[in-house]
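The entries below follow the order in which I looked.

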Amino acid sequence: MYEQVYHGFLLVCMIVLGALIMLCLLRAILGPRLADRVVAVNMIGTMTITEIAMFALYLRENYLYDVCLIYAMISFLAVGVLTKIYGGAY
C-alpha cells in the first residue's frame, strides 16, 4: 500500500520537475541578460540531477546514482566555463 503511494508521489514530483526544467529552458533562451541565462543553465543542471536521483529511486537502480554524480561534475564544469566566458577571461 505505502509503496504505491511512494511511487505515485515520486512520479508526480518527476513530472513537476520536468515542467520546471522546461520553464528554466525558456528563461535560458529568452533571458534579457547573459547572467540570467547562466543562472538558468545552472538551475537546469541542478534539477536534472535531482530528476535522475528520483528516477533511480523509482526504478531502484543503483547505477543511476553514479550517473548523477558524473552529471553533477559536468554541470559544475559547464557553469564554470560559462562564468569565465561571461567574465571576459577568454
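Does Arg60 count as buried or exposed? I found that Arg60 counts as exposed, at 56% relative accessibility, where buried means under 20% relative accessible area, exposed over 50% and partly exposed in between, with a 1.4 Å probe and protein chains only.

Before going further I noted that this is a predicted model, in which local features need pLDDT of at least 70 and side-chain atom pairs count only at pLDDT 80 or more, while totals for chains, interfaces and linings use all residues. I also noted that residues are numbered from 1 along each chain as its sequence is written, and that side-chain values use heavy atoms, with hydrogens and water left out.

Entry on the loop. I placed Arg60 in the loop between α2 and α3, helices here being DSSP runs of H or I with at least four residues, and strands runs of E with at least two, numbered from the N terminus. I then looked at the backbone of Arg60 and noted a positive phi of about 60°, although Arg60 is not a glycine.

Entry on α1 and α2. I looked up the packing of helix α1 (residues 2-30) with helix α2 (residues 34-59) and found an angle of about 165°, with the axes 9 Å apart. Axes are lines fitted to C-alpha atoms, for helices over the stretch in contact, and angles run from 0 to 180 degrees between N-to-C directions. The two helices, α1 and α2, are therefore roughly antiparallel to each other, since angles over 145 degrees count as roughly antiparallel, under 35 as roughly parallel, 65 to 115 as roughly perpendicular and the rest as oblique. By class, I recorded 21 nonpolar, four polar and four charged residues in the contact of α1 with α2; Ala, Val, Leu, Ile, Met, Phe, Trp, Tyr, Cys and Pro count as nonpolar, Asp, Glu, Lys and Arg as charged, and the others, Gly among them, as polar.

Entry on the core. I listed the largest nonpolar core as eight residues, namely Leu10, Met14, Leu17, Ile21, Cys24, Ile44, Met47 and Met54, a nonpolar core being a set of buried Ala, Val, Leu, Ile, Met, Phe, Trp, Tyr and Cys residues joined through side-chain atoms within 4.5 Å. The largest share of this core, five residues, comes from α1. Leaving out residues up to four places away in sequence, I found Met47 touching Leu17, Leu20, Ile21 and Cys24, with contact taken as heavy atoms within 4.5 Å.

Entry on Thr48. I located Thr48 in helix α2 and noted that Thr48 is buried, with a relative accessible area of 18%. Apart from neighbours within four places in sequence, Thr48 is in contact with Ile21 and Tyr71.

Entry on α2 and α3. I found that α2 and helix α3 (residues 63-87) pack at an angle of about 180°, with their axes 9 Å apart, and that makes α2 roughly antiparallel to α3. The residues of this contact divide into 20 nonpolar, five polar and no charged.

Ala56 lies in helix α2 and counts as buried at 1% relative accessibility; neighbours within four places in sequence aside, I saw Ala56 in contact with Glu61, Leu64 and Tyr65. Val39, in helix α2, counts as partly exposed at 49% relative accessibility. I recorded Val39 and Thr83 as 44 residues apart in sequence and 9.6 Å apart in space, C-alpha to C-alpha.
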